[in-house]
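Reader: Hi! Could you walk me through this one?
Author: Happy to, here it is.
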Amino acid sequence: MHPAQPPFAMPQHALQYYHAVPMPPPPAGIPVRRVWEDNLEPELVFLRNFAASARYAAVTVHYPGVVHGAQQSHGLMTAEARYATMKANADALKPIQLGLAVYNDFGHVAAWEFNLRGFRPAADPHAPNSVDYLQRRGLSFRDHQARGVAAARLAAGLSACGLFRRPGVSWATYAGAYHVAYLLKILSMGGGGVLLPDSLGGFLDAVRQCLGEDVYDVARMAADRGLPPGLERVAAALSLVPAVLSPRLAGAGSVLALQAFMRLKYYEFGGEVNRFRGLIHGIQVT
């Protein structure tokens, strides 16, 4: 029996994701396009053009931590209870940064890091350790306030970019419950922002409407192969090359999630990943 073939033409460097081909050295790091208020429009134009041939996409969102239910053991909670905790946090807190990485039909990859304005550590609820973590990684809240993108403007641009609510795109994330929840929140901000659905079922319906049926969580896939927890540790175990031109923030996280998903799908699982479809780590699985 021949191993599963990738469903699209792949350039030479991307053959490392196909398990029947000897593994070449990892490709050079993928540059992250850092987006602020003053360069938002040209970047949205580029995103719209690139998204027209998108095949895979990955999302990472940075947010100010967990303030509701932080001391609860999620492993002992039902899926509905885990969702209720996540909803309480996502409804109350402000997203800070959105990373998107996209792989298209021609084997090209592009990545964006959208920096949002609005979150103020001195005034808005947050988990101090999460804010400290982002600052240690190079995030400047002063820059976000001075140069960040207004949430409503970003929501309008993303909603019109052609990447969401369309068939044929598979989405990846890592430990993705909060990332996907905040993505839905960001996309709703064009209309002033809406609360997440009241029930887990309603949330999963909203995810399917926005991202489609093909949503995969790298954390769940990596655990099946016995890889260590943590996206950067998974990436190191898979010999992936980090993104360039960016601190280790949301854009770089989306690049690693995309690379890890493709490596796992084609090298570890031979293209057969249907059993992971729609399982979001942090809600249905922990």
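Author: A definition to start: rings of Phe, Tyr and Trp (its six-membered ring) pair if their centres lie within 6.5 Å. Tyr56, Tyr103, Tyr216 and Phe261 form one aromatic cluster.
Reader: Nice. How many aromatic pairs are there by this rule?
Author: The count is 12 aromatic pairs. This is a predicted model, where local features need pLDDT of at least 70, side-chain atom pairs count only at 80 or more, and totals for chains, interfaces and linings use all residues. Residues are numbered from 1 along each chain as its sequence is written, and side-chain values use heavy atoms, leaving out hydrogens and water.
Reader: What's the mean pLDDT of the protein chain?
Author: The mean is 87, and 87% of the residues reach 70 or more; pLDDT is the predictor's confidence in each residue, from 0 to 100. Over residues 1-26, though, the pLDDT is below 50. Where pLDDT is low, the predicted coordinates should not be read in detail.
Reader: Switching topic: which residues of helix H5 are buried?
Author: In H5 (residues 151-159), they are Leu154, Ala155, Gly157 and Leu158. Buried means under 20% relative accessible area (1.4 Å probe, protein chains only), and helices are DSSP runs of H or I, at least four residues, strands being E runs of at least two, numbered from the N terminus.
Reader: Why do they line one face of the helix?
Author: Seen down the axis of H5, the buried residues fall within an arc of 170°, so they line one face. That arc is taken from the directions from the helix axis to the C-beta atoms.
Reader: And what do they pack against?
Author: The buried residues of H5 pack against helices H1 (40-51) and H6 (177-188), plus strands S3 (97-104) and S4 (109-115), with contact meaning heavy atoms within 4.5 Å.

Terms used. Rings of Phe, Tyr and Trp (its six-membered ring) pair if their centres lie within 6.5 Å; planes under 30 degrees apart count as stacked, over 60 as edge-to-face and the rest as tilted. Buried means under 20% relative accessible area, exposed over 50%, partly exposed in between (1.4 Å probe, protein chains only).
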